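Have the sequence at hand as you read.

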Amino acid sequence: MPSLVIFSQIDGYRVFDITQESVIIGRGEDTNLLLPNISVSRHHAKLSFKDGKATIQDLDSSNGTLVNGKAITRADLKSGDQISLGKFRLAYMGDGTDDRFFQGRYLEYMLKYDAAPIRGMDDSTFSMSPEQLRRKQAESHRMRSAKLVLNKNTSQFWFPENRGLTLGGAGMIDVDGLFTGGVVAEITWNGKSHVLHKQARLLKVHVNEKPVSEHVLQNGDRVRVGDSHFRYEVPPMD
């Protein structure tokens with residue numbers, strides 16, 4: 001099913017599954033998708049589906065609706081389009097096989113969106129100082145931000161986060177080479193670091209050109225699974 005990915009500096013990424021032909025978005029309690037902040041109008045926008053096409057319409061909101069940074073009154077959506085409503089940032093995702101990841105994050109692993117934890121927050125929560133935000137983000141920076149980058153196409157990358165990634169023909173990330181049809185390797189989170197585990201019996205997994213069965217990943221590690229080469233990267237804090 002199609003979905004909306006909802007991002008906030010406080011809660012990170014959450015997913016809202018779209019199960020209706022039309023979804024009213026706003027801060028009103030009678031909306032289908034509640035975004036509880038004064039920057040959002042009570043009935044801010046409407047998301048509609050017809051003949052396989054998704055359309056978003058601004059409902060004369062006070063602060064407007066933006067799609068990919070441009071103010072709209074009505075716009076057709078394609079998977080990955082970014083939507084801004086007040087202080088909230090959303091992304092529309094289709095339901096095709098290529099829509100399982102949003103910016104390298106696996107949708108099935110995202111927590112479901114729930115407005116309840118932020119319903120009572122006032123604007124001061126959404127306008128934390130840079131220092132407060134940095135301290136909050138530092139707690140989960142490595143878990144959320146570390147990514148596995150494909151060497152031959154660095155525009156392709158995946159975030160293991162705290163739910164992990166599987167590699168191989170039967171995994172989340174396909175790899176090249178012989179004996180790669182099942183799950184041949186897995187990256188998990190041990191509470192402090194991401195760990196690479198070899199799963200296949202007949203296939204070697206390498207880190208920095210050395211065969212490993214288990215390895216705690218460090219920034220810059222070169223990972224080879226089958227004939228596919230990756231780099232594990234942890235970007236610096238902003």
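Lys53 counts as partly exposed because its relative accessibility is 45%; the scale used here calls a residue buried under 20% relative accessible area, exposed over 50%, and partly exposed in between, with a 1.4 Å probe and protein chains only. Before going on, please keep in mind that this is a predicted model, in which local features need pLDDT of at least 70 and side-chain atom pairs count only at pLDDT 80 or more, while totals for chains, interfaces and linings use all residues. Residues are numbered from 1 along each chain as its sequence is written, and side-chain values use heavy atoms, with hydrogens and water left out.

What does the side chain of Lys53 meet in a salt bridge? Its partner is Asp76, at 3.9 Å from N to O; the term salt bridge stands for a side-chain nitrogen of Lys or Arg within 4 Å of a carboxyl oxygen of Asp or Glu. This pair links distant parts of the chain, with Asp76 in strand S9 (residues 74–77) and Lys53 in strand S6 (residues 53–58), 23 residues apart. Strands here are DSSP runs (E, at least two residues), numbered from the N terminus.

A search of the whole structure finds 7 salt bridges. Another one joins the side chains of Asp176 and Lys152, at 3.3 Å from N to O. Here too the pair links distant parts of the chain: Asp176 belongs to the loop between strand S17 (165–167) and strand S18 (185–189), Lys152 to the loop between S15 and S16, and they are 24 residues apart. Lys152 is exposed, with a relative accessible area of 67%, whereas Asp176 counts as partly exposed at 37% relative accessibility. Arg231 and Glu233 also meet through their side chains, in a salt bridge of 3.7 Å from N to O. Arg231 is partly exposed at 35% relative accessibility, and Glu233 is partly exposed at 27%.

Now for the strands. An open sheet of 6 strands, with antiparallel pairing, has the order S16-S15-S24-S23-S20-S21; two strands pair if DSSP finds at least two bridges between them. At its edges lie strand S16 (157–158) and strand S21 (210–212), each of which pairs on one side only. Inside this order, strand S15 (residues 147–150) and strand S24 (residues 228–233) pair in the antiparallel sense over 4 bridges, and Leu148 has Tyr232 in S24 as its bridge partner.

Elsewhere, is strand S2 (residues 12–17) largely enclosed or open? Of its 6 residues, 5 are buried, so the rest of the structure largely encloses S2. Strand S1 (residues 3–8) runs antiparallel to S2 and is joined to it by 6 bridges, with Val5 opposite Val15. S2 also pairs with strand S14 (residues 111–112), in the parallel sense over 2 bridges, and there Arg14 stands opposite Leu111.

In soluble globular proteins, nonpolar side chains tend to be buried together.
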